Amino acid sequence: MNKSPHVALVTGASSGIGEVFARKLSAKGYHLVLVARRRERLERLAAELPSAEVLVADLAVDSDLLKIEHYIADEPRLDFLVNNAGFGVPGIYYESDIESLNKMHRLHIIAVARLTHAALRGMVERSKGSIINVSSVAGFIQAPFSVSYNASKSWINGFTEGLYLELRRSRSPVRVQALCPGFTYTEFQLTAGIDQRAIPKKLWMSAEAVVDTSLRCLERNKLFVVPGWRYRLFLAGIGVMPRPVRHFLAIKSSLSSRKSVSAKKSQP
Ligand SMILES: NC(=O)c1ccc[n+]([C@@H]2O[C@H](COP(=O)([O-])OP(=O)(O)OC[C@H]3O[C@@H](n4cnc5c(N)ncnc54)[C@H](OP(=O)(O)O)[C@@H]3O)[C@@H](O)[C@H]2O)c1
């Protein structure tokens, strides 16, 4: 029986960053609502937490998304939402499977927009609540082989920034954050078919460190949270570069990373 006065809903809680959010928010006393497709994983996690329930949903499917929207709109104790579910479709855009791209767009854009809409009105009326939209460092840059993933994360950044301004304008204490991690050890690369070994070790962070940074920065109502000084330095550098230089570097680095990925793949 869920008696906690605070409810947090985390999408994509069956692994990686979402699972860590669920554990950390549970330790803060929230009743957790765990959303994803893999029931077994969610139930195993729920059994470990003092107060949690499972909602199995494919957020790229309208009827499932609607179910979660209704849950959110009907739960007055919901004061934490983490829109985290996501995946990548690497490859040349026009060669990629359009159905996979469509699913990604539905998950990164439609689901984030609708779940935020379902949660925000109640949060504003109750003058309480936080929404974390998990974006990516990729949301600040454009690059070959990841065209639509990056663009969908740019949408999350723009969307969250707009909400932040609306909330500030109306002096609402409700907080929104765009969490923009770089490479993080999770199942993400596995799902996307990316070889983790092809990416320098220094660039990797743990999901634990990413979530700790996010929750710490939420206390200060920070809008864009980029965990790891290397990524912050990288983005600061990119920010002052003229566009043609950024384009040159994006093409050059994508060529070399492709080479190293194919070299690793061809190893026995
Ligand atoms: N790992 C990185 O390097 C990295 C870097 C920057 C940003 N991010 C972002 O971080 C977020 C979390 O990813 P992660 O790294 O933790 O990867 P992950 O371990 O693969 O987790 C992704 C989660 O999303 C869920 N999910 C995928 N498709 C779904 C769907 N159609 N409906 C409902 N849930 C779905 C998965 O659960 P089910 O399969 O059980 O549905 C899983 O729980 C993503 O938005 C990703 O873009 C990751």
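This is a friendly dialogue about how to read some features of a predicted model.

Visitor: Where should I begin with this structure?

Guide: Begin by remembering that the model is predicted. Then look at the ligand.

Visitor: How many residues surround the ligand, and which are the closest?

Guide: There are 30 residues around the ligand, and Gly12, Gly16, Arg37, Arg38 and Gly86 are the closest. Two elements each give two or more residues to this shell: helix H1, residues 16-27, and helix H6, residues 188-192. H1 supplies the largest share, with 3 residues.

Visitor: What classes of residue make up the shell around the ligand?

Guide: The shell divides into 13 nonpolar, 12 polar and 5 charged residues.

Visitor: Let us stay with H1. How do I describe the way H1 meets H7?

Guide: Look at the axes of the two helices. The axes of H1 and H7, the latter spanning residues 207-219, come within 9 Å and cross at roughly 55 degrees. Angles under 35 degrees count as roughly parallel and those from 65 to 115 as roughly perpendicular, so H1 and H7 are oblique to each other. Their crossing is right-handed.

Visitor: Which residues of H1 and H7 meet?

Guide: From H1 come Gly16, Ile17, Val20, Phe21 and Lys24, and they meet Ala207, Glu208, Val210, Val211 and Leu215 of H7. By class, this contact has 7 nonpolar, 1 polar and 2 charged residues.

Visitor: At what angle do H3 and H4 pack?

Guide: H3, residues 62-73, packs against H4 at about 15 degrees, with the axes 8 Å apart. H3 and H4 are therefore roughly parallel to each other, and H3 passes H4 in a right-handed crossing. H3 brings Leu65, Ile68, Glu69, Ile72 and Ala73 to the contact, while H4 brings Ala111, Arg114, Leu115, Ala118, Ala119 and Gly122. The classes here are 8 nonpolar, 1 polar and 2 charged.

Visitor: Is Ala111 buried or exposed?

Guide: To decide, count the other C-beta atoms within 10 Å; a count of 20 or more makes a residue buried. Ala111 has 26 of them, so Ala111 is buried. Ala111 lies in H4 and touches Leu59, Leu65, Ala85 and Arg106, leaving aside residues up to four places away in sequence. Ala111 and Ile68 are 43 residues apart in sequence, and their C-alpha atoms are 9.7 Å apart in space.

Visitor: How does H4 pack with H5?

Guide: H4, residues 98-126, and H5, residues 147-169, pack at about 5 degrees with their axes 10 Å apart. H4 and H5 are therefore roughly parallel to each other. In this contact Leu101, Met104, His105, His108, Ile109, Val112 and Ala113 of H4 meet Ser148, Tyr149, Ser152, Lys153, Trp155, Ile156 and Phe159 of H5. The residues divide into 9 nonpolar, 4 polar and 1 charged.

Visitor: Is Lys153 buried or exposed?

Guide: Use the count again. Lys153 has 26 C-beta neighbours inside 10 Å, so Lys153 counts as buried. Lys153 touches His108, Ser135, Ser136, Ala138 and Gly139, again not counting residues up to four places away in sequence. Lys153 and Ala138 are 15 residues apart in sequence and 6.8 Å apart in space, C-alpha to C-alpha.

Visitor: What should I look for in the backbone angles?

Guide: Most residues other than glycine have a negative phi. Ser127 has a positive phi, near 55 degrees. Phe145 also has a positive phi, about 75 degrees, although Phe145 is not a glycine.

Visitor: Where are Ser127 and Phe145?

Guide: Ser127 is in the loop between H4 and strand S5, residues 130-134, and Phe145 is in the loop between S5 and H5. Ser127 is exposed, because 10 other C-beta atoms lie within 10 Å. Phe145 is buried, because 20 other C-beta atoms lie within 10 Å.

Methods. Residues numbered from 1 in each chain as written. Predicted model: local features only at pLDDT ≥ 70, side-chain atom pairs only at ≥ 80, totals over all residues. Near = placed C-beta within 6 Å. Helix = DSSP H or I, 4+ residues; strand = E, 2+ residues; numbered from the N terminus. Nonpolar A, V, L, I, M, F, W, Y, C, P; charged D, E, K, R; others polar. Axes fitted to C-alpha atoms, helices over the stretch in contact; angles between N-to-C directions. Parallel < 35°, antiparallel > 145°, perpendicular 65-115°, else oblique. Left-handed = near helix turned anticlockwise from the far one by under 90°. Contact = placed C-beta atoms within 7 Å. Buried ≥ 20, exposed ≤ 12 C-beta atoms within 10 Å, placed from the backbone.
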